Amino acid sequence: MSHAVMDQRPQDAVGPRPATLRQARLPRWAPLGIALGSAALAIATGVLADLQSRAQWGLIAALLFVATTFALTTAVEGVRQAKDRLATSLVWVCFLAAVVPLASLVWETVARGAEMFDLYFLTHSMSGLRDLQPGGGVYHSLIGTLQQVGLATLIAAPLGLLTAVYLVEYGKGKLAKAVTFFVDVMTGIPSIVAGLFVLSFWIILLDFGYSGWAGAMALAILMMPIVVRSTEEMLKLVPNELREASLALGVPKWRTILKVVLPTSIGGITTGVMLAVARIAGETAPIMLLVFGASSINNNPFEGPQDSLPYFIWTQFKAGNQYAYDRAWAAALVLIALVMLLNLLARGIARWKAPKAGH
Amino acid sequence: MDMTKTVAPPPQAELPPEAPKGSSGTKGSATHRGDRIFSGLTKGSGITLLVIMAAIAAFLTWRSINALSVNEGNFFTTFDWNANADPPVFGIAVLAFGTVVSSVIAMALAVPVAVGIALFISHYAPRKLASPLAYVIDLLAAVPSIVYGLWGALFLVPHLSGLYFWLDDYFGWTGVFAYDGGAARSLFTVGIVLAIMILPIVTNVSREVFLQVPRMHEEAALALGATRWEVIRMSVLPFGRSGVISASMLGLGRALGETMAVATVLSPSFLINPSLLNPGGGTFAQNIAAGFNEAGDIGRDALIASGLVLFVITLVVNGGARMIIARRKEYSGANA
Amino acid sequence: MAKRIDVSGLTAFYGSHKAIEDISMTVEPRSVTAFIGPSGCGKSTFLRTLNRMHEVTPGGRVEGKVMLDDESLYGPGVDPVAVRRTIGMVFQRPNPFPTMSIYDNVAAGLRLNGKYRKAQLDEVVEKSLRGANLWNEVKDRLNKPGSGLSGGQQQRLCIARAIAVEPQVLLMDEPCSALDPISTIAIEDLIGELKEQYTIVIVTHNMQQAARVSDRTAFFNLAAIGQPGKLIEIDDTERIFSNPSVQATEDYISGRFG
């Protein structure tokens with residue numbers, strides 16, 4: 001009965017059973033050779049046609065490479081192999097296309113930021129300096145960022161943690177479903193909307209002035225859902241056997257949570273909180289609406305305008321002269337360093353505190 | 001929430017041999033009081049979160065009504081923003097256009113590339129390269145948006161003119177890609193910067209999903225004689241589809257609401273410019289940042305009204321993403 | 001359509017770890033050959049070297065020779081994709097493509113290999129499902145997802161998917177270990193029918209199963225944990241189970257270890 005099927009197959013279709021296991025292949029050096037050839041041809045075209053942008057050269061080279069590979073493979077190895085190679089080259093092109101701008105971003109920030117970055121920059125404020133003047137520093141912004149982010153963490157971490165405990169340990173029914181849904185929605189709130197909310201509530205309705213605290217409230221709104229999400233994940237990883245073992249000993253549920261569940265997952269929870277801190281440390285928009293910015297040191301987050309690192313970058317960028325740009329790049333370097341430090345620390349903790357068997 | 005809660009109800013006080021310290025004869029009621037207080041506390045936090053969400057909607061609406069009641073223009077169709085004038089005339093048409101267009105450009109550029117990189121890391125890159133690469137991209141997701149904006153405005157913008165002239169030469173006739181040679185502080189540039197900004201996050205989420213594809217599904221395809229690409233098409237992409245959608249929605253949410261990267265790069269105007277390469281246009285978030293300092297009371301409320309629209313849009317996008325994912329889950333066999 | 005497999009001096013590695021060492025055997029066409037042995041003895045690894053699936057495991061590497069009639073599987077210019085198309089495989093846990101319907105699952109292999117008209121596909125799908133004794137159970141719901149079937153049905157679906165491309169050899173890696181006894185009997189009956197057309201190699205933990213379904217049985221063992229697995233002996237199943245020539249085989253079969 002199999003022959004009946006075989007006979008009906010169109011001539012051009014490849015049968016399921018190849019006549020031989022051997023398959024004509026392009027030589028191993030072919031991809032490299034085609035890549036070099038394409039690059040050379042692209043450069044030649046670029047020079048001859050007088051194309052200014054290097055991006056165009058790259059584009060031509062990539063197109064040539066993909067097209068040539070596909071054509072050659074189709075001829076030698078067949079359509080399926082050609083598609084496979086096409087996918088491979090596209091994936092590589094994607095990778096290169098993404099690496100170039102991201103590497104450039106990091107490189108520009110480090111290179112341009114390093115020109116001005118030194119101890120003086122970290123320990124002095126902009127007090128008494130005009131935008132057009134050289135010098136100055138980010139001390140006042142650093143203080144502001146640390147205080148605002150600290151306050152935000154003080155609000156958001158406990159609230160987020162308790163909410164996560166509620167969702168994982170107690171939550172049932174409609175309320176838990178609603179909370180889960182709105183945590184998701186809250187994750188997507190644009191930072192400027194959070195800023196507008198605190199603006200209309202704290203500054204317009206209650207008539208308080210601009211302050212670091214007002215900014216911290218907006219940052220807390222942004223931070224809370226991130227903390228809930230990551231804590232939830234961590235609590236779900238705690239095996240139920242641990243809870244049951246504790247409950248079976250007659251330990252009440254709330255003590256089980258405090259003494260068994262939370263300590264087991266504390267490493268992961270800390271990591272999540274720190275990653276959330278890193279996220280909000282770079283927020284600019286709420287600061288712009290609520291903290292107002294300042295050029296001198298204000299150590300009191302509850303009274304009067306403050307500055308913050310990301311806001312400092314924005315004001316210096318807007319000032320629009322070379323000295324201000326230098327300060328903006330240097331501040332960007334400080335901000336990235338701060339965020340990266342938090343990230344690395346958080347990941348370090350995650351690795352160090354990772355639940356081990358028999359721990 | 002698909003977790004199975006098999007936590008047994010707290011056993012009654014029957015004085016187990018290893019009673020925890022601090023427990024006494026009145027343990028029963030103390031246990032209940034402790035449990036009630038603690039669970040009340042956690043429940044209260046959850047409710048606080050809901051209250052905050054409700055308050056955001058309520059307060060934004062309250063200020064918006066204040067502004068809209070005096071608006072002489074049509075809030076949705078007016079191509080102008082004179083909220084501080086008397087009488088105030090303002091509308092969000094230009095902002096809505098700019099927000100949607102820049103986000104669409106960002107998605108169109110970022111999602112395919114992000115899926116490509118995610119596949120590169122999960123299935124193509126040599127293993128020694130893959131994990132450090134994933135780590136670096138993870139870190140890049142944490143770079144603040146103001147830094148992307150600074151880089152975009154001071155580094156990328158000057159480098160784009162060449163590309164834009166070239167696009168103008170070949171596609172200028174469409175009008176969309178017409179370019180008159182000014183600084184490239186346009187919606188298209190905004191789209192590029194937003195794309196680069198959301199690339200790491202979309203990549204990360206997609207990569208994680210691709211790595212979760214069960215080995216047995218990939219081996220099923222391999223054993224049928226599938227090439228690497230066919231394995232990806234038959235096993236990896238179907239399995240990862242809902243993950244890629246949710247990653248894209250996450251990226252879209254960020255792009256829609258992004259303030260600083262747009263405010264630094266764009267040279268705004270209250271016109272809908274048919275050419276995406278020439279400066280002009282605006283987005284909700286950018287307009288709030290740009291107009292806030294000069295705004296009077298009504299001006300501020302008008303900006304809050306535009307913020308409310310942005311809030312609703314992101315709400316719809318996020319809610320939609322959740323629904324897509326929930327529905328896909330039934331078919332994807334992710335739990336099978 | 002069935003072919004003979006000749007293995008000589010085959011050694012397989014995971015990275016630097018030697019999983020199996022110096023295995024030589026012949027697998028006869030149109031017969032069932034069973035691989036038995038204690039856990040970790042490398043019988044599954046060996047099976048996966050027979051269709052070049054071993055090398056998709058990171059660090060997986062093979063030395064030695066495998067001949068399919070007169071073609072070498074590991075020879076220069078041999079495409080592993082072509083090898084896997086020629087030698088089908090059924091896995092321990094049923095693994096139908098979860099997003100595909102029953103029909104698409106069976107047709108998946110054919111679709112890879114070229115374009116077919118709907119009528120041709122229909123015919124192959126029906127024939128393969130009939131061949132896997134599944135047709136009567138699923139013919140009314142061919143467009144439903146394959147993941148909705150029971151475990152035993154899913155495994156038969158996987159067999160249908162494997163035989164739809166008409167392979168030369170069918171490798172089965174403990175195909176019944178995740179199934180209930182009734183499904184197991186169904187699969188064993190199916191193996192008995194399939195050997196009329198295919199060369200079948202089956203890895204099994206279950207010695208009764210080996211005795212029931214196979215014509216020849218190979219016993220694998222390892223000297224100690226961490227040592228590479230070796231082929232102890234291969235012979236007619238009847239002989240292995242009644243009068244094996246090596247003491248270790250008898251010890252294993254009589255349940256003294258493993």
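**Terms and their grounds**

Guide: In UniProt, an unreviewed entry carries the annotation "domain: ABC transmembrane type-1" for residues 142–346 of chain A. The model shown is a predicted one.

Visitor: What makes up residues 142–346 of chain A, helix or strand?

Guide: The span is 80% helix and 0% strand, and its end C-alpha atoms are 20 Å apart.

Visitor: How do you know where the domains of chain A lie?

Guide: The bounds come from an automatic or database domain assignment. For chain A, that assignment gives domain 1 (25–112) and domain 2 (139–352). Taken over C-alpha atoms, the centres of domain 1 of chain A and domain 2 of chain A are separated by 42 Å.

Visitor: What makes a set of residues a nonpolar core, and which residues have the most contacts inside the largest one?

Guide: The members must be buried residues of the nonpolar kinds listed for a core, joined through C-beta atoms within 7 Å. The largest such core has 280 residues, and Met223(A) and Ile313(A) have the most contacts inside it. Both domain 1 (25–112) and domain 2 (139–352) of chain A give residues to this core, so it lies between them.

Visitor: Which residues does Met223(A) touch?

Guide: Leaving out residues up to four places away in sequence, Met223(A) touches Ala152(A), Thr153(A), Ala156(A), Ala276(A) and Ile280(A).

Visitor: How many residues does the contact take from chain A and from chain B?

Guide: Chain A gives 82 residues and chain B gives 79 residues. Helix 4 (residues 79–114) of chain A supplies the largest share of the side of chain A that touches chain B, 18 residues. By class, this side of chain A has 54 nonpolar, 17 polar and 11 charged residues.

Visitor: In what order do the elements of chain B run?

Guide: Chain B has 10 helices and two strands. From the N terminus on, the order is α-β-β-α-α-α-α-α-α-α-α-α. Of the 336 residues of chain B, 50% count as buried, a term that requires 20 or more other C-beta atoms within 10 Å of a residue's own. Among contacts in chain B with a separation of 6 or more, 72% are between residues 24 or more positions apart.

Visitor: Why is chain C called as compact as a globular protein of its length?

Guide: Chain C has 10 helices and 10 strands. Its radius of gyration is 18 Å, close to the 18 Å that the globule rule gives for 258 residues, so chain C is as compact as a globular protein of that length. The C-alpha trace of chain C spans about 55 × 45 × 30 Å along its principal axes. Of the contacts in chain C with a separation of 6 or more, 68% are accounted for by residues 24 or more positions apart.

Visitor: What makes residues of chain C and chain B count as in contact, and how many do so?

Guide: Their C-beta atoms must lie within 7 Å. In this model, 22 residues of chain C are in contact with 19 residues of chain B. Helix 2 (80–86), strand 6 (87–90) and helix 3 (102–112) of chain C each give two or more residues to the side that touches chain B. Helix 2 of chain C gives the largest share, four residues.

Visitor: Which residues of chain C does UniProt list for "domain: ABC transporter"?

Guide: The unreviewed entry lists residues 5–247 of chain C. Over that span the chain is 35% helix and 27% strand.

Methods: Residues numbered from 1 in each chain as written. Chains lettered and ligands numbered in written order. Predicted model: local features only at pLDDT ≥ 70, side-chain atom pairs only at ≥ 80, totals over all residues. Rg over C-alpha atoms; globule rule 2.2 N^0.38 Å. Contact = placed C-beta atoms within 7 Å. Buried ≥ 20, exposed ≤ 12 C-beta atoms within 10 Å, placed from the backbone. Nonpolar A, V, L, I, M, F, W, Y, C, P; charged D, E, K, R; others polar. UniProt positions renumbered as here; feature names shortened; annotations may be inferred.
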